[in-house]
Amino acid sequence: MVERTLGAVTTIRCGHACSPITRASVSIVDSQSTLRSAMAALPPFHVSVGQVTAAALGRSWHPGCPVAPAGLRRLSVSYVGFDGRAHTGELVVSASVTTDVTVVFRRLYAARFPIRRMLPVSHYGGSDDRSAAADNTSAFNCRAAVAAGPPRWSAHAFGTAIDVNDVENPYIVGTRVIPPAGAAFRDRSRVRPGMAVRGGILVRAFASVGWLWGGRWAGTPDYQHFSRTGG
């Protein structure tokens, strides 16, 4: 068999009629093969659960919060990033919901739902705004609810709520978009990777363990927010 390259076309003389193979075609085949290999190479889902301390929680916790550090757990959990690769993130949640959270993120991992990053809010000095601006997926943060009416604890202060991909799933409060970069995702009819949409894998994964989605809130949809209590 003789192979000869002419310009952008590689011709193979094999004694029979052969179709020319363009370099573009080869590139497409190679890209598809690489994608299949990457998909197949995803390692098994992993989760581990550990204790947390007040020191580790940093500014995300303080005396007077509705749950003590002893009532929280740190989950080290697998997730798929926007690069299609496996990563390990951390969530701090109530000890009472570790099983629920494990089920949810196992399903998201299997479906290869992309998550930007996953770090405890303590990494951002306890600032919900900084965490949201970083498109961070997080859970516990001892703070008040961002809502009208008398001050009250957020479900995050109990470790029973999780915000996922804050930029792709912003909280809409009148003309305010939290985080501001989420304004690019205010139009929910144009579905893009990482978004929470009705009937989508993210909403269904949380619904499978009985958690409710803030995206259903009339007037002030909180697309990033999922909680056990619905608040």
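User: Let's start with D135: is this residue buried or exposed?

Analyst: A relative accessible area under 20% counts as buried. In this predicted model, D135 has a relative accessible area of 5%, so D135 is buried.

User: And which residue does the D135 side chain meet in a salt bridge?

Analyst: The general idea first: side chains of opposite charge can pair when their charged atoms come close. Here the partner of D135 is R116, with 3.0 Å from N to O. The two belong to distant parts of the chain, 19 residues apart: D135 sits in the loop between α4 (128-133) and β8 (136-137), and R116 in the loop between α3 (98-110) and β7 (117-118). R116 itself is partly exposed, at a relative accessible area of 35%.

User: Which residues make up the network of salt bridges around that pair?

Analyst: R116, D135 and E168 are linked in that network.

User: How many salt bridges does the structure hold?

Analyst: There are 4. One of them joins R143 and D128, at 3.6 Å from N to O. R143 lies in the loop between β8 and β9 (161-163) while D128 is in helix α4, so this contact ties together parts that are 15 residues apart in sequence. R143 is buried, with 16% relative accessibility, and D128 is buried too, with a relative accessible area of 17%.

User: Now a strand. Why is β5 described as largely enclosed by the rest of the structure?

Analyst: To read this feature, look at burial residue by residue. In β5 (residues 72-80), 9 of the 9 residues are buried, so the strand is largely enclosed.

User: Which strands pair with β5?

Analyst: Follow the bridges on each side. Strand β4 (residues 47-51) runs antiparallel to β5 and is joined to it by 5 bridges, with S48 opposite S76. Strand β6 (residues 86-94) also pairs with β5 in the antiparallel sense, over 9 bridges, and there Y79 stands opposite H87.

User: Which salt bridge involves R74?

Analyst: R74 pairs with E90, and their closest N and O atoms are 2.8 Å apart. This pair links R74 in strand β5 to E90 in strand β6, 16 residues apart.

Definitions and conventions. Residues numbered from 1 in each chain as written. Predicted model: local features only at pLDDT ≥ 70, side-chain atom pairs only at ≥ 80, totals over all residues. Heavy atoms only, no water. Buried < 20%, exposed > 50% of the residue type's maximum accessible area, 1.4 Å probe, protein only. Helix = DSSP H or I, 4+ residues; strand = E, 2+ residues; numbered from the N terminus. Pairing = 2+ DSSP bridges.
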